[in-house]
Amino acid sequence: MKRAIPVVVLSIAGLVPVWRYEPSIGATTTTTESASTPSASSSSGSGSSSGTVVKGTLLQTEKGPVQVQVTFDGDKITAVKMLQQPNHPQTTAAVPKLVAETLKAQSADIDTVSGATITSEAYKKSLQAAIDDNGKSSSSSSSSSSSPSASASSSATAAASQTVSGTTVNTSKGPVQVQVTFEGDKITAVKMLQQPNHPQTTAAVPVLISETLKAQSADIDTVSGATITSGGYKESLQAAIDAKG
């Protein structure tokens, strides 16, 4: 039996950030690393480590060192790994949200996580440094390989992106519907089109999305305290995956 991911931890630590939601049909919307010691490498996000891997600046904060490693597919951020982070419960809870927001925003312009301000700011600076370094490398590569065949390859990659809306699942808490973005067969983003307007749902959705990006399927854990929403989410998610084919 799958383990439930406790939302209670997020609530107790007061770490549920103000996620950027996009209202849709009276509901809110959301799109979302595990702890490591400074020498460990715990990763979170979507996709494998293939692509261009760039390390961000190592920043020393009063909580401890922070350094990220970012994987790019061209200019697209496909994964973020924490090379170093403070060994602190609030950091442990905040990092998955920072990674998820990065994958959604595709930039370092993301919200600071409440209760982990110092780590959040250092994360964003290290992330921006990695993005800047990748941009310099991309510019050098494009200037030396801007041939018709390269342009055709770029167009083919863009055409491979597909967004599919899942079924609207009506639950006792309210309607649940997800929208999934695919790059080929890979799930790169999940957005909630509809979800119950409830604190437990608000806390659970980023966890569900983070698990989806890691599992690359609807075979994910139900979030404790949000069982009904979790069930509706997984059903709508599976419908989107099936519709994509």
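Some ground rules. The model is predicted, so local features need pLDDT of at least 70 and side-chain atom pairs count only at pLDDT 80 or more, while totals for chains, interfaces and linings use all residues. Residues are numbered from 1 along each chain as its sequence is written, and side-chain values use heavy atoms, with hydrogens and water left out.

I will start with the core. In soluble globular proteins, nonpolar side chains tend to be buried together. By a nonpolar core I mean a set of buried Ala, Val, Leu, Ile, Met, Phe, Trp, Tyr and Cys residues joined through side-chain atoms within 4.5 Å. Buried is under 20% relative accessible area, exposed is over 50%, and partly exposed is in between, using a 1.4 Å probe and protein chains only. The largest such core here has 43 residues, and Tyr-123 and Tyr-233 touch the most other members. At least two residues each come from strand 5 (64-73), strand 6 (76-84), helix 2, helix 3, strand 9 (174-183), strand 10 (186-194), helix 5 and helix 6 (227-244). Helix 5 gives the most, six residues. Helices (H or I, at least four residues) and strands (E, at least two) are DSSP runs, numbered from the N terminus.

What does Tyr-123 touch, leaving aside residues up to four places away in sequence? Its contacts are Val-66, Val-68, Val-80, Met-82, Leu-98, Val-99, Thr-102 and Ile-110. Contact means heavy atoms within 4.5 Å.

Next, the helix pair. Two packed helices are described by the angle between their axes and the distance between the axes. For helix 5 and helix 6 the angle is about 40° and the axes are 10 Å apart. The axes are lines fitted to C-alpha atoms, for helices over the stretch in contact, and angles run from 0 to 180 degrees between N-to-C directions. That angle makes helix 5 oblique to helix 6; under 35 degrees would count as roughly parallel, over 145 as roughly antiparallel, 65 to 115 as roughly perpendicular, and the rest is oblique.

Which residues make this contact? Helix 5 brings Thr-201, Leu-208, Ile-209 and Thr-212, and helix 6 brings Thr-229, Ser-230, Tyr-233 and Leu-237.

Thr-212, in helix 5, is buried because its relative accessibility is 0%. Not counting residues up to four places away in sequence, Thr-212 touches Ile-187, Val-190, Ser-217, Ile-220, Tyr-233 and Leu-237.

Now the loops. Most residues other than glycine have a negative phi. Gln-106, in the loop between helix 2 (89-105) and helix 3 (117-144), has a positive phi near 55°. Gln-216, in the loop between helix 5 (199-215) and strand 11 (223-224), also has a positive phi, about 60°. Are these residues buried, partly exposed or exposed? Gln-106 is partly exposed because its relative accessibility is 26%, and Gln-216 is partly exposed at 28%.

Asp-75 sits between strand 5 and strand 6, and counts as exposed because its relative accessible area is 61%. Asp-75 and Gly-135 are 60 residues apart in sequence, and their C-alpha atoms are 7.3 Å apart. Asn-197 lies in the loop between strand 10 and helix 5, and is exposed, with 71% relative accessibility. From Asn-197 to Lys-173 the separation is 24 residues in sequence and 8.3 Å in space, C-alpha to C-alpha.
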